[in-house]
Amino acid sequence: MLSYLVRRVGGMVVSTILVITITFLLLQLIPGDPATVMLGANATPEQAEQLRKTWGLDQPIPVQFARYFENFVRGDFGQSLFHRQPVLTIIRQRAETSVWLSALALIVALGIGIPAGILSSVKPNSLMDNSMLLVALAGASIPSFWLGLMLMTLIAGKLGWLPSSGFTSVLATGNLANLKNLILPAFSLGFVNAALLARTTRSSMLDVLNADYVTTARAKGLRQRSVIVKHALRNASIPILTVVSFTFASLLSGAVVTENVFALPGIGSLIVQSVLKRDYPVIQGIMLVVALLYVLINFVTDLVYAMLDPRIRYR
Amino acid sequence: MTKRTHSNKRDRDASDSRTYSVWKCLVPPGFRKFATGRRTTLAAILILAALILISALGPWIVPYDADKLKVTDRLQGPSGTHFFGTDNFGRDVFSRVIVGTRITLLLGLSISAFSLLVGLPVGAICGFYDRVGLVVMRLVDAMMAFPAIILALALMAIFGKPGVLNVILAVGMVWAPRMIRVVYSATLSLRENTYVEAAKALGMSSTRILLRHIAINLLSPVIVQATFTFAFSIMEVAALNFLGVGIPPYVASWGGMMNEGRTYIIRAPWIILFPGLFLATAVLAFNLLGDALRDRLDPKLRRTV
């Protein structure tokens, strides 16, 4: 287990360095002079010169990279051009909404996807299975922002059951009822992701349910529920887990558009605003934070794999 | 289910051999078998054929000029005169949806082509030469750590301005690493085949093995992946347009229409409803086609995600 852990940690460090390198290099792709692009066409040459100096843009690229890396290690992600605040502070302010949204959406995705997949696999090719697959396929093809808009019109607009947009911090106000604002966004985001989860759960459960040890368990006279949960589901859980970690990443991605639809003050709406305003340091900061989060999730997933299936440790 | 489809197919084939049909003359038997094997596949192919036809004929079959403003007709609901209603400028939503089909399909095609042009050579070389693969695949994996839409957004910001070419590059660069991955793992397993060993033993050069033995066998997984790339990329392009950072807003596109309709969503939900329905249908058709192609071309892949 220890050597497995060391290898995984090593892999994570390499990925982290590469992610930082890519974020740095991407900004070098800005055509022309980055200082002028960032300041807009009306900037005076003195202003551009000033910005180049403070950002070290007049230095050679390897020097710039070393500086960028050093700043990263110190936790300095730069200053927002628009908000005049450190990037990390802004991201931290916006993180709460996105975390709540992703967590709730994950609950929706897991809550719909996994039971649906299990139900499908228990009686394959039944009416239940086929209709479930069709719903899953349709779900995977519906753009989450469109689903969000439609739910908003129907449930928030026509029926008036839930608020249509906005969100106030739960941590600051201590009011859990604020989460009501996230029900529609979380559902529209989670439903789309439930589809993939259901399909994977079904196919990996089907694989396992045909295995000899399941037949043995049945022959021993174990109850259906115990066969499904204890024998099949645990062994089917590895591919499912992969998809769950994918789902988390795709929730982070989907949240960008969903937050915009429902006017939620999260990371997703922050990056869109920053793109429209060409606030490059914020864009860079968000890319880094999200990608590193993804690397971390992958790392944790690998560890959980090893716990679920001891064979993996020796590979 | 499988049993039923088989017997269905046999019935259909039998009736086919008795009747003479144009369908049979025009369509090669392999494709016919593929298309009629499953009802969903046939549906997908018909939907895609319809979409291609719509995008080819678009500007000539629409009842109104898609860009013509007529403020007196603004925000009208669906009716006999305006099938899908009108938007806030009085433009005909039906005409705009029809006209927007072409740009959607063209962008999807270009992005798939881009990911293919990058992914096929890079993936194959990485899979064949271990040392190159070790380095490049690390980078590719790191690229995939960035969620698709966030990377696309950042690239659009870097490229500077909205535009068709920039969208193709931005979304293409998001999907190319995924294509590289698919080609890479396929190459890894292909090169273990006995015929590759035989070719090596015969003294064939690596380049020749790569081009003559590996490349041709990569076609199946690549076609499947390209179909899924198509589905994902049109969804992502729509999301970019919806966020206002894709192609310029004056070009009629499904995502752009949904963006413009947001302000009027309670009063005029049809501005958003119909482009979204078209988008979902198109994505569904490509997903179904991808599933069918995967089962048909590469049964081994069926079980993996």
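Student: In which loop of chain A does A:Arg278 lie?

Tutor: The model is a predicted one. A:Arg278 sits in the loop between H12 and helix H13 (280-308) of chain A. The backbone there has a phi near 55°, a positive value in a residue other than glycine. Most residues other than glycine have a negative phi. A:Arg278 has 18 other C-beta atoms within 10 Å, so it counts as partly exposed; buried would take 20 or more.

A second residue of chain A can be described in the same terms. A:Ala263 has a phi near 50°, again positive in a residue other than glycine. The loop that holds A:Ala263 runs between helix H11 (224-261) and helix H12 (267-277) of chain A. Because A:Ala263 has 13 C-beta neighbours inside 10 Å, it is partly exposed.

Chain A has 13 helices and zero strands. Of its 315 residues, 38% count as buried. The C-alpha atoms of chain A fill a box of roughly 80 × 60 × 35 Å along the principal axes. Among contacts in chain A between residues at least 6 apart in sequence, 72% join residues at least 24 apart.

The crossing of H9(A) and H11(A) is right-handed. The residues of this contact divide into 15 nonpolar, ten polar and one charged.

The view can now be widened to the other chain. The contact between the chains takes 48 residues from chain A and 40 residues from chain B. On the side of chain A that touches chain B, H9, H11, H12 and H13 are among the helices that each supply at least two residues. Also included there are helix H1 (2-28), helix H6 (127-141) and helix H7 (144-158) of chain A. By class, this side of chain A has 36 nonpolar, ten polar and two charged residues.

B:Val183 touches B:Leu218 and B:Val222, among others, when residues up to four places away in sequence are not counted. Further contacts of B:Val183 include B:Gly119, B:Leu120, B:Gly123, B:Ala124 and B:Gly127.

H10(B) has a packing partner as well. The axes of H10(B) and helix H12 (residues 270-297) of chain B come within 9 Å and cross at roughly 165°. H10(B) and H12(B) are therefore roughly antiparallel to each other, and their crossing is left-handed. The residues of H10(B) in this contact include B:Ile223, B:Phe228 and B:Met235, and those of H12(B) include B:Leu279, B:Phe286 and B:Arg294. Taken by class, the contact of H10(B) with H12(B) has 15 nonpolar, four polar and one charged residues.

Helix H11 (residues 254-261) of chain B is mostly covered, with eight of its eight residues buried. Among them are B:Trp254, B:Met257, B:Asn259 and B:Glu260. What covers the buried residues of H11(B) includes H7 of chain A, together with helix H5 (93-128), H10 and H12 of chain B.

One last residue can be set beside these. B:Phe34 is found in helix H3 (residues 29-37) of chain B. B:Phe34 counts as partly exposed because it has 19 C-beta neighbours inside 10 Å. Not counting residues up to four places away in sequence, B:Phe34 touches B:Thr41 and B:Arg296. B:Phe34 and B:Arg262 are 228 residues apart along the chain, and their C-alpha atoms are separated by 41 Å.

Methods. Residues numbered from 1 in each chain as written. Chains lettered and ligands numbered in written order. Predicted model: local features only at pLDDT ≥ 70, side-chain atom pairs only at ≥ 80, totals over all residues. Helix = DSSP H or I, 4+ residues; strand = E, 2+ residues; numbered from the N terminus. Buried ≥ 20, exposed ≤ 12 C-beta atoms within 10 Å, placed from the backbone. Contact = placed C-beta atoms within 7 Å. Left-handed = near helix turned anticlockwise from the far one by under 90°. Nonpolar A, V, L, I, M, F, W, Y, C, P; charged D, E, K, R; others polar. Axes fitted to C-alpha atoms, helices over the stretch in contact; angles between N-to-C directions. Parallel < 35°, antiparallel > 145°, perpendicular 65-115°, else oblique.
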